[in-house]
Amino acid sequence: MPKATSQRQLSTADERRRTVLETAVSAFADRGYFGTRTTDVAQRAGISQAYVYRLFPDKEALFVAVVEHCFERVRESLGDGAAAAKGSSAQEVLDAMGNAYAELISDRDLLLLQLHAQCAAASEPAVREVVRSGYARLVEYVRGVSGAPEADVQRFFAVGMLCHLVTALGTHEVDAPWARTLSDGLRHY
C-alpha cells in the first residue's frame, strides 16, 4: 500500500520575506527602531531569529527594508487615489490622493512606523537615506501625476505631515482651541 504523502505547502523565500516585513511593521511601530529587537520580529512572525538573519543580515537592513515596504504601500495608495479622482485638475488629483493617504494612515502601525523612521533618520545614516529616497520618489510621483505647481506639491506633503501629528496625538478627539486649529479640515478615518 502506498504511503500517504502530505500536501503541505511550503512558503517561498519571497513569501516568507514579505510576511516578515509585514510583521516587522507592527513590531517596529510598537517600539521604534531602537527599542525593537530582531527576536521580537521573529516571535511575532513565528520563525526563529536565525531565519530572520537568513533573510536580512542585521536589524538595520530589516528596518530599511520595512521602511521601503511602507513607502511602496504609500505609493500604491497614492496611485489608487489618483485613479479614483473625479476629475483631472491638479487639485482634484491631489485631493483624491490625500483622501487615499488619509485612509491608509488609519492603519496605526503604518503611521507609527513612518514616525519612527523619521526619528531614526535623524541619527542613522542608512535610515536617513531610505527615508530621503522614499520621499524623493513620492514627491516626483505626486508632481508627475497631479501636474500641480511646486507650492501645491509642498502643501500636499506638509498637510500629510500634519495628518501624522494629528492622528498620532489624537487631537481630533480633543475639544480645545489648539486641537481644533490643528485638526479642522483634515480627513480622519
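This is a predicted model: local features need pLDDT of at least 70, side-chain atom pairs count only at pLDDT 80 or more; totals for chains, interfaces and linings use all residues.

Trainee: Which residues touch the most other members of the largest nonpolar core?

Mentor: F28, L62, F63, L78, M97 and V131 do. The core counts 53 residues.

Trainee: Which elements give two or more residues to this core?

Mentor: Helices 1 to 8. They run from helix 1 (13-35) to helix 8 (150-169).

Trainee: And which helix gives the most?

Mentor: Helix 4, with 11 residues. Its span is 59-83.

Trainee: Back to V131. What is it in contact with, leaving aside neighbours within four places in sequence?

Mentor: V67, F71, A117 and A121.

Trainee: Switching to rings. How many aromatic pairs does the structure hold?

Mentor: Six. One of them is Y33 with F63. That pair is tilted, with 4.8 Å centre to centre and 50° between the planes.

Trainee: What does the pair tie together?

Mentor: Y33 lies in helix 1 and F63 in helix 4, so the pair links parts 30 residues apart in sequence.

Trainee: Is Y33 buried or exposed? And F63, buried or exposed?

Mentor: Y33 is buried, at 9% relative accessible area. F63 is buried too, at 0%. The cut-off for buried is under 20%.

Trainee: Which residues form the aromatic cluster?

Mentor: F28, Y33, F34 and F63 form one cluster. Y33 also has a charge over its ring: the charged end of K59 sits 4.8 Å from the ring centre.

Trainee: Which residue lies over the face of Y141?

Mentor: R75, at 3.6 Å from the ring centre.

Trainee: Last one, Q91. Where is Q91 found?

Mentor: In helix 5.

Trainee: Why is Q91 classed as partly exposed?

Mentor: Because its relative accessible area is 42%.

Trainee: How far is its C-alpha from that of V153?

Mentor: The C-alpha atoms of Q91 and V153 are separated by 9.9 Å. Along the chain, the two residues are 62 residues apart.

Key:
Residues are numbered from 1 along each chain as its sequence is written. Side-chain values use heavy atoms; hydrogens and water are left out. A nonpolar core is a set of buried Ala, Val, Leu, Ile, Met, Phe, Trp, Tyr and Cys residues joined through side-chain atoms within 4.5 Å. Buried means under 20% relative accessible area, exposed over 50%, partly exposed in between (1.4 Å probe, protein chains only). Helices (H or I, at least four residues) and strands (E, at least two) are DSSP runs, numbered from the N terminus. Contact means heavy atoms within 4.5 Å. Rings of Phe, Tyr and Trp (its six-membered ring) pair if their centres lie within 6.5 Å; planes under 30 degrees apart count as stacked, over 60 as edge-to-face and the rest as tilted. A charge sits over a ring if NZ of Lys or CZ of Arg is within 6 Å of the ring centre and within 35 degrees of the ring normal.
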